[in-house]
Amino acid sequence: MKYISTRGGVAAQQFSDILLGGLMADGGLSIPESYPQFSQDELLALSKLNYRDLAFAVISRFVDDIPAADLKALIDKTYTAAVYCNGRNAADADQITPIIKLDDTLVIQELSNGPTLAFKDMAMQLLGNLFEYVLAAKGQQVNILGATSGDTGSAAEYAMRGKKGVNVFMLSPFGKMSPFQRAQMFSLQDENIFNLSVHGFFDACQDIVKDVNKDAEFKAKYKIGAVNSINWGRIVAQVVYYFKGYFAAVDSAGKNVGDVVDFCVPSGNFGNICAGHIARQMGLPIGQLVVATNENDVLDEFFKTGGYHPRGLDRTYETSSPSMDITKASNLERFVFDLVGRDASKLAAMWKSVETGGGFEISPAEFAQMRDEYGFKSEASTHADRVAHIREVFEKFGVQIDPHTADGYKAAKAHRRDNVVMVIMETALPAKFETTMQEALNQPPARPAGLVGLEDLPQRFDAIDADAEKVKAYLAERIKL
Ligand SMILES: Cc1ncc(COP(=O)(O)O)c(C=O)c1O
Ligand SMILES: N[C@@H](CCOP(=O)(O)O)C(=O)O
């Protein structure tokens, strides 16, 4: 399996070569030359596997330069009940991503039972183990530069703390995360963890990460790596969620492998749902992929009109689903690459316009294909929707969902179809967003025992302007060459 760039300017590379990095040298994103395929018989066999074996069966199709036994050992070490024990039902921990059945055709897939209570723990924990393995094999070190709107940061820091040869420099938007999210990151005292609080939104943090990545000399000298979903390693681990969710969904509804299942995904940087698109391209019978957004509804606009126009500060909002306060969705580039028939020069021109403050419109034929062939639908939520849906799910089903998953619930209700199971991806646990949960339910959310008092721990971070040169200077001062 070789990887190419969405912008066409880089020779094909192996998995281990792209694993540590973010952007490709031409500014594009890595993507497999073609998607591996699963037949109906193979899907039937996959449906009988536990999470670890399923993850190996899926991920090994994308990795042919790590010996299979080593890859299997890394996956087995990652997906254990001990690491995914924060669920509603401890007995389900070994399922890793169990589902909650709301009714005959509506289920929630629990993705947030890992160490930092967010869906990305699932992928990030594997990335941590893969990084350590590949770095040891190459005798290298990596300095991760990441951007977070609240969850990637802590998931990455918990996955990488104490890892040999790895430093983490994480950019987060100053004052815009929940108190729990802030405490999760800033209370870490490990020597290899650096938190930089940036005056701006997540978009500014992500722009800095991309600008630093584009400076090839700096990137090579300071061995800069990535953990955001611009990194293919994140996406490939997230593809497994869909296979597991699909099999659990058909099973819970008494349906058969081969029957269509819809997924609804709270979205911001488009990494999670992009993995769903890829699972679908591999032959998993996914019908609709419903994109749920908050008031930062650039993606909802795109999937409803075909126009993609990231916004400036004047139209970026601080919301009560803060991890989705994103208006430049990096991974949309991977999907649009497929949508335009993998025409790299067309794609490069579209993203050149995005990067210079513009956007693009897809053609009417592409719009129809996006909705009918690729199955994309969308819906946006407001704060009032969020609060009402958290309340509704609690009152009707006795289940507490977090504000992001509530955005998913609203979108799922808008697009459910008769006799087709809809899986709502849970993207975080309610404990992370106490203020909104309190407003909706008049009670604080349940909190895993080990995290009681988190906000009282001493915190450490450095504030910095949204300026790539200042961030480079910060890195250069701290990275030992
Ligand atoms: C809780 C939560 N929900 C939804 C999202 C959006 O996911 P994505 O950026 O993969 O679209 C994020 C950010 O990744 C998140 O942390
Ligand atoms: N929502 C994320 C930001 C996007 O992250 P990615 O790592 O999935 O690209 C966050 O909470 O930090």
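Visitor: Which residues of H6 are buried?

Guide: In this predicted model, helix H6 covers residues 152–160 and is mostly covered, with nine of its nine residues buried. These residues pack against H5, S5, S6, helix H7 (179–186) and S7. The buried residues of H6 are Thr152, Gly153, Ser154, Ala155, Ala156, Glu157, Tyr158, Ala159 and Met160.

Visitor: Which glycine with a positive phi follows H6?

Guide: Helix H6, residues 152–160, is the helix whose nine residues are buried. The glycine that follows H6 has a positive phi, near 75°, and is glycine 162.

Visitor: What is the order of the strands in the open sheet of five strands?

Guide: The edge strands of this sheet are strand S8 (224–225) and strand S15 (462–464), each of which pairs on one side only. The pairing in the sheet is parallel, and the order is S8-S5-S6-S7-S15.

Visitor: Which residue in S6 is the bridge partner of alanine 147?

Guide: Strand S5 (residues 142–147) and strand S6 (residues 166–173) pair in the parallel sense over six bridges. In S6, the residue bridged to alanine 147 is leucine 171.

Visitor: Which helix packs on the sheet, touching S5, S6, strand S7 and S8?

Guide: Strands S5 and S6, which pair over six bridges, are among the strands that this helix touches, together with strand S7 (193–198) and S8. The direction of the helix makes about 145° with that of S5, and the helix, residues 202–214, is H8.

Visitor: Why does the packing of H5 and H10 count as oblique?

Guide: Helix H5 (residues 121–138) and helix H10 (residues 232–252) pack with their axes 8 Å apart, at an angle of about 130°.

Visitor: How many nonpolar, polar and charged residues are in the contact of H5 with H10?

Guide: The crossing of these two helices is right-handed. On the H5 side the contact has Met122, Ala123, Leu126, Leu127 and Leu130, which meet Gly233, Arg234, Ala237, Gln238 and Tyr241 in H10. By class, the contact has seven nonpolar, two polar and one charged residues.

Visitor: At what angle do the axes of helix H3 and H10 cross?

Guide: Helix H3 spans residues 51–59, and its axis comes within 9 Å of that of H10. The axes of H3 and H10 cross at roughly 125°.

Visitor: Which residues make the contact of H3 and H10?

Guide: H3 passes H10 in a right-handed crossing. The residues are Tyr51, Leu54, Ala55, Val58 and Ile59 of H3 and, from H10, Val236, Ala237, Val239, Val240, Phe243 and Lys244.

Visitor: Is leucine 117 buried or exposed?

Guide: Leucine 117 lies in the loop between strand S4 (106–109) and H5, and its phi is near 65°, a positive value in a residue other than glycine. Since 20 or more other C-beta atoms within 10 Å are needed, and leucine 117 has 24, the residue counts as buried.

Visitor: What does arginine 342 count as, with 15 C-beta neighbours inside 10 Å?

Guide: Arginine 342 lies in the loop between H13 and helix H14 (344–355), and it has a positive phi of about 60° although it is not a glycine. Its 15 C-beta neighbours inside 10 Å mean that arginine 342 counts as partly exposed.

Visitor: Which residue in S10 is the bridge partner of cysteine 264?

Guide: Both faces of S9 are covered, with Val261, Phe263 and Val265 buried on one side and Asp262, Cys264 and Pro266 buried on the other. S9 and strand S10 (residues 286–293) pair in the parallel sense over five bridges. The partner of cysteine 264 in S10 is valine 290.

Conventions
Residues numbered from 1 in each chain as written. Chains lettered and ligands numbered in written order. Predicted model: local features only at pLDDT ≥ 70, side-chain atom pairs only at ≥ 80, totals over all residues. Axes fitted to C-alpha atoms, helices over the stretch in contact; angles between N-to-C directions. Helix = DSSP H or I, 4+ residues; strand = E, 2+ residues; numbered from the N terminus. Left-handed = near helix turned anticlockwise from the far one by under 90°. Contact = placed C-beta atoms within 7 Å. Nonpolar A, V, L, I, M, F, W, Y, C, P; charged D, E, K, R; others polar. Pairing = 2+ DSSP bridges. Buried ≥ 20, exposed ≤ 12 C-beta atoms within 10 Å, placed from the backbone.
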